[in-house]
Amino acid sequence: MARVCQITGKRTRVGNNVSHANNKTKRKFYPNLQKKRFFVESTGEWITLKVATSAIKTINKNGLEATLRKAYERGTLSV
C-alpha cells in the first residue's frame, strides 16, 4: 500500500541530500503515517485509518466526522 495519508492526502515527496561540497543526490521525504483506529459515534463502528500525525491532531481538535466531511469536500478522502 502506498505511503499516503487517507485524510490529508500527504504523500512521499522527493528532494535532494546536499553535501558540504554542494553535491546533490536524490532522497525521499516520507510523511509520518500511523495506523489508527477511530470510533464513529453516529454508526457505532470502529474504523482503521492510515493517517499522518498532523491529521490525528486535527481529528482530536475538530472531531472525526467533521474532519471526514471536510476531507471528502476537498477530495482528499481515500478509503
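Which residue in β2 is the bridge partner of V18? The bridge partner is K24.

## Basis

This is a predicted model, where local features need pLDDT of at least 70, side-chain atom pairs count only at pLDDT 80 or more, and totals for chains, interfaces and linings use all residues. Residues are numbered from 1 along each chain as its sequence is written, and side-chain values use heavy atoms, without hydrogens and water.

Strands β1 (residues 13–18) and β2 (residues 24–29) run antiparallel, joined by six bridges. Strands are DSSP E runs of at least two residues, helices H or I runs of at least four, numbered from the N terminus. Two strands pair if DSSP finds at least two bridges between them.

Five residues lie between the strands of this hairpin. There, N22 takes a positive phi near 65 degrees.

## Helix α1

Helix α1 spans residues 53–62, and its buried residues are A55, I56 and I59. Seen down the axis, they fall within an arc of 105 degrees, so they line one face of the helix. The arc is that of the directions from the helix axis to the C-beta atoms. K57, N60 and K61 are exposed on the other side. Buried means under 20% relative accessible area, exposed over 50%, partly exposed in between (1.4 Å probe, protein chains only).

The cover over the buried residues includes β3 (33–40), β4 (45–52) and α2 (64–74), with contact meaning heavy atoms within 4.5 Å. Just after α1, G63 has a positive phi of about 100 degrees.

## Charges over rings

The charged end of R27 sits over the ring of F29, 3.8 Å from its centre. R3 lies over the face of Y30, at 4.1 Å from the ring centre. The criterion is NZ of Lys or CZ of Arg within 6 Å of the ring centre and within 35 degrees of the ring normal.
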